[in-house]
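Take a look at the chain below.

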Amino acid sequence: MNTPEIQPRPPRTPRGVKIVLALSLAINLLIAGAVGGAFLGGRPEGGMRDRAEAARILGLGPLATALDRRDRAAVISAAGADRAAMRAERQRLVEAARAFAEAVRADPFDRAEAEAALERQRAIVSGLQDRGYGALLDYLETMPAEDRAAFADSLQHMLARQGRGR
């Protein structure tokens, strides 16, 4: 009788090595995605993400979305919405939000301080929105009638699509 030979198991890869390999793969994919996104997106300084954020901070919302890329950039530029200004305004909002959080945390609750912090936030947002609306109206005033009509059509089409989704 022949006894079957027992094949030795190949050595297992230690768990730590597997974790390191998985992390290495994840990092490589993140780097490849970032490089590929930058290359394929071709966004220059002050790219689309910055403009979208600036439009949001300026309170333009769907109005900015209805503008074409060139017009949106011009309106945001006219509002003085450069990166440094947006960062400064966002920082003021964060500071007001922190003051609100501190007022909420106070024991006993200080309603007047919480109200004052919310008012500071509202004033900052309102000022930004006024700048955005003013820049939009100034820009629309310089547009030819057919371009304004195209903007209005784009806005109505976008709003109708949003309305159907609800």
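A residue is called buried under 20% relative accessible area, exposed over 50%, and partly exposed in between (1.4 Å probe, protein chains only). By that rule, 20% of the 166 residues of the protein chain are buried. The model is predicted: local features need pLDDT of at least 70, side-chain atom pairs count only at pLDDT 80 or more, and totals for chains, interfaces and linings use all residues. Residues are numbered from 1 along each chain as its sequence is written, and side-chain values use heavy atoms, leaving out hydrogens and water.

Start with the fold. The protein chain has seven helices and zero strands. Helices (H or I, at least four residues) and strands (E, at least two) are DSSP runs, numbered from the N terminus.

Now find helix H6, residues 111-142. Its expected span is 1.5 Å times one less than its number of residues. For the 32 residues of H6 that gives 46 Å, and the end C-alpha atoms are 46 Å apart, which agrees. Buried residues of H6 include Ala114, Ile124 and Leu128.

A cis peptide bond joins Asp107 and Pro108, with omega about 10 degrees.

Finally, helix H4 (residues 69-78) packs with H6 at about 125 degrees, their axes 8 Å apart. Axes are lines fitted to C-alpha atoms, for helices over the stretch in contact (heavy atoms within 4.5 Å). Angles run from 0 to 180 degrees between N-to-C directions. Angles under 35 degrees count as roughly parallel, over 145 as roughly antiparallel, 65 to 115 as roughly perpendicular and the rest as oblique. H4 and H6 are therefore oblique to each other.
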